[in-house]
Amino acid sequence: MNNIKCRLSECLNVARNSLNEIEIEDIEFASFAQQNINKTVSQMLSLNNSPPPEHSMYHIDCIPCKSYWVENTQDLILYMALGTQSRTIIVPKNGWMIRNDIIIN
């Protein structure tokens with residue numbers, strides 16, 4: 001997975017050490033960002049002939065996703081891969097926040 005961070009750094013012209021991994025389960029999305037994510041995931045599932053989730057508000061749970069927040073901009077980078085497809089979504093800092101109900105160990 002370190003290879004993903006390296007590729008994202010190169011493709012997006014972001015310093016590798018400014019990409020900070022965050023668990024997708026710890027993130028809450030604004031509605032506009034969630035809609036964009038759901039649309040992208042639905043497209044990926046349809047191209048892969050996978051059925052869309054039935055009652056899930058968060059379609060992103062259906063496919064592997066790595067997420068990183070960018071230190072300088074506070075943007076969130078989502079990298080999703082399914083079969084031979086991969087997509088990167090950049091969520092601006094006003095489109096996401098850390099959930100307030102998480103427990104830190």
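Visitor: Among contacts between residues at least 6 apart in sequence, what share joins residues at least 24 apart?
Guide: That share is 54% in this chain, where a contact means heavy atoms within 4.5 Å. Keep in mind that this is a predicted model, where local features need pLDDT of at least 70 and side-chain atom pairs count only at pLDDT 80 or more, while totals for chains, interfaces and linings use all residues. Residues are numbered from 1 along each chain as its sequence is written, and side-chain values use heavy atoms, with hydrogens and water left out.

Visitor: How many helices and strands does the chain have, and what makes a stretch count as one?
Guide: There are 2 helices and 6 strands. Both are DSSP runs numbered from the N terminus: helices are H or I with at least four residues, strands are E with at least two. Starting at the N terminus, the order is α-β-β-α-β-β-β-β.

Visitor: How do you know that β4 pairs with β5?
Guide: Two strands pair if DSSP finds at least two bridges between them. β4 (residues 76-82) and β5 are joined by 7 bridges, so they pair, and they run antiparallel.

Visitor: What makes β3 and β4 a pair?
Guide: They share 5 bridges in the antiparallel sense, with W69 opposite L76 in β4. β3 and β4 also form a hairpin, this time with 5 residues between them.

Visitor: Which strands make up the open sheet, and why do β1 and β5 count as its edges?
Guide: The sheet has 4 strands in the order β1-β3-β4-β5, paired antiparallel. β1 (19-21) and β5 (85-91) each have a single partner strand, so one side of each is left without a neighbour in the sheet. From one strand to the next, the twist averages 25°.

Visitor: Which helix packs on the sheet?
Guide: Helix α2 (residues 31-47) does, touching β4 and β5. Its direction makes about 175° with that of β5; axes are lines fitted to C-alpha atoms, for helices over the stretch in contact, and angles run from 0 to 180 degrees between N-to-C directions.

Visitor: Why is S18 called buried, but N13 exposed?
Guide: Buried means under 20% relative accessible area, exposed means over 50%, and partly exposed is in between (1.4 Å probe, protein chains only). S18 has 6%, so S18 is buried. N13 comes in at 73%, so N13 is exposed. Both N13 and S18 lie in the loop between α1 and β1. Leaving out residues up to four places away in sequence, S18 touches W69, V70 and E71.

Visitor: What makes a group of residues a nonpolar core, and which residues have the most contacts inside the largest one?
Guide: A nonpolar core is a set of buried Ala, Val, Leu, Ile, Met, Phe, Trp, Tyr and Cys residues joined through side-chain atoms within 4.5 Å. The largest has 18 residues, and F29, L76, L78 and V91 have the most contacts inside it. The elements that give two or more residues to this core are β2 (27-29), α2, β4 and β5, and α2 supplies the largest share, 5 residues. Apart from that core lies another of 8 residues, among them L8, V70, I77 and Y79.
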